Amino acid sequence: MLTASLRLNTRTPVAPVNPRLFGSFVEHMGRAVYTGIFEPGHETADAAGFRSDVADLVRELGVSIVRYPGGNFVSGFKWEDSVGPVDERPVRLDAAWHSIETNRVGIHEFAAWAASAGVEVMQAVNLGTRGVAEAAELLEYCNIPRGTALSDARRANGADEPFDIRVWCLGNEMDGPWQIGHKTADEYGRLAAETARLMRFVDPRIELVAAGSSNADMPTFGSWERTVLTHTAGLVDHISVHAYYEELDGDAESFLASAVGLDRYLEEVAQIIDEVRAEAGIERPIGISVDEWNVWYQTRFNEVDKEPLLTGEWNEAPRLIEDEYGVTDAVVVGSLLNSLLRHGDRVSMANLAQLVNVIAPIRSEPGGPAWRQTTFHPFERTARFARGEILAVDVSGAPVVETQKYGAVPVVDAAATRDGDEVVLFFVNRSTTDELALSVDIPDVAGLALVDAETLTVPEGLDRHASNTATEPARVGLVPLAGVEVSSGTEVSSTVSVTLPALSWSIIRLAATSAAAPSASSPSDASDATTSSLGDTRA
Ligand code: AHR
């Protein structure tokens, strides 16, 4: 058994928890929209054709803001195709994903779905094949109340009130040679700046996201951000980071250290932002919008699955990158959420890519069920319980795991939040073999007691690749984390002792004794809180 002592910094919070850290992404790609969120004729479909079983899971997941409609798709998208009478909308080739796009779901339908699912829309504009004018026209269509050709066209198409979309992405992954209309940093920076200027003239209330690098291994990473920000600082509010991780060649240690990679990536981008703003004397803050992040078995897609896509027939809603996630993937997703929290002073938005079917926490089958992937669970719990302020956790004394990709990394990955009398701890044990006994010092917060503790780990009799499927949707989920002890003997601090299972993501919720009554979701008995043995709240 490994052991480690950790300490929370309760005196200098990192930042308030921003609900926008828990965003997601719906692209017109594969079965994200068609037979994902939208499937007329499905037994749960509402009058507009949206699946209510999927919408229920979206609400349960706790997603705050959803990026739409791409992704690579947006770089060939003509927004005008997706409005007006559905029967008159053109059917188009989507060259980005070698698919047929029927445009049965468009701007109006998605806005209505988002409103009913309780999520904010984050709209991307096409800066691949289109430019300044079309972006400003889409904004006018969406946000101007009435009295102009475009705003009145929206009203004639059924939306009397503006959609009032506040967050706009200036294109997508324009640094990538795979992107339709790929550009150099200078070409994109100029275009993004001019688009931003005109869009702000149309609606000064909007927030704009400049496209950063597609990943930290891009040869242009760093110089891309510097150049793009030199053109756009003062005009944009965020710059994007896209970050996907996968287990390569069975190297689970490096994969489980992905959050260290994300930590470093975010810190490099933050430094570039600071340098560019200082050099240009720009006051306007620029946040980091991690508007695509997840586990994605991309190498497999590029080497195996992409070939038929490029040479085969053009189909509607083909099955694309429907990665089935195991326990290890969920643990990595949990640690990536921790990394986002740790950088909550710089990350202004984050979008788990994607939401349904396409590398998604929610899966659905046409005419069949919808279910939660393993990765659903850490996201749902973090989105729900990370509240108040983010606290730094010192893990510097913990044992390390040697990794090929990131060197020696702490065996434990941690984040914490505090909301008044409530403290929530999020831990990952990266060891695939050893339990980890933690002692966690929480200074300046006395009288804490356990509210609930849960873990996601390898279920008895299964292995770390165990996943949830249409027929076995609850093989992997949250189970009670037993043996948590909270000592609140002193008047100035509390200490939590817990043993984390090997390869696990865990959440421990604490509250000052008077506030330690169990939540509606928890079957726990607060009076027996110091040695938790709680029922599975997923059952
Ligand atoms: O999320 C899948 C794809 O990944 C997106 O379309 C693209 O932006 C990224 O490369």
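This is a predicted model: local features need pLDDT of at least 70, side-chain atom pairs count only at pLDDT 80 or more; totals for chains, interfaces and linings use all residues.
Strands are DSSP runs of type E with at least two residues, helices are runs of type H or I with at least four, and both are numbered from the N terminus; two strands pair if DSSP finds at least two bridges between them. E5 and strand E6 (residues 99-101) run antiparallel and are joined by three bridges, and Leu-93 stands opposite Ile-100 in E6.

Residues are numbered from 1 along each chain as its sequence is written. Local features need pLDDT of at least 70 and side-chain atom pairs count only at pLDDT 80 or more, while totals for chains, interfaces and linings use all residues, and side-chain values use heavy atoms, with hydrogens and water left out.

The ligand is surrounded by Phe-25, Glu-27, Gly-71, Asn-72, Trp-97, Asn-172, Glu-173, Tyr-244, Glu-292, Trp-296 and Gln-354, where a residue is counted if one of its heavy atoms lies within 4 Å of the molecule. By class, this shell holds four nonpolar, four polar and three charged residues; Ala, Val, Leu, Ile, Met, Phe, Trp, Tyr, Cys and Pro count as nonpolar, Asp, Glu, Lys and Arg as charged, and the others, Gly among them, as polar. The table gives polar contacts, here pairs of N or O atoms within 3.5 Å.

| Side chain | Ligand atom | Distance |
|---|---|---|
| Glu-27 | oxygen | 2.6 Å |
| Asn-172 | oxygen | 3.0 Å |
| Tyr-244 | oxygen | 2.9 Å |

Of the 280 Å² of accessible area that the ligand has on its own, the protein covers 97%, as computed by the Shrake-Rupley method with a 1.4 Å probe.

Two residues of the shell also take part in cis peptide bonds. Gly-71, in the loop between strand E4 (65-68) and E5, is joined to Gly-70 by a cis bond with omega of about 10°. Asp-164, in the loop between helix H4 (149-156) and strand E8 (167-170), has a positive phi near 55° although it is not glycine. Most residues other than glycine have a negative phi, and most peptide bonds are trans.

Terms used: A polar contact is a pair of N or O atoms within 3.5 Å; within protein, one must be able to donate a hydrogen and the other to accept it, and residues adjacent in sequence count only if both atoms are side-chain atoms.
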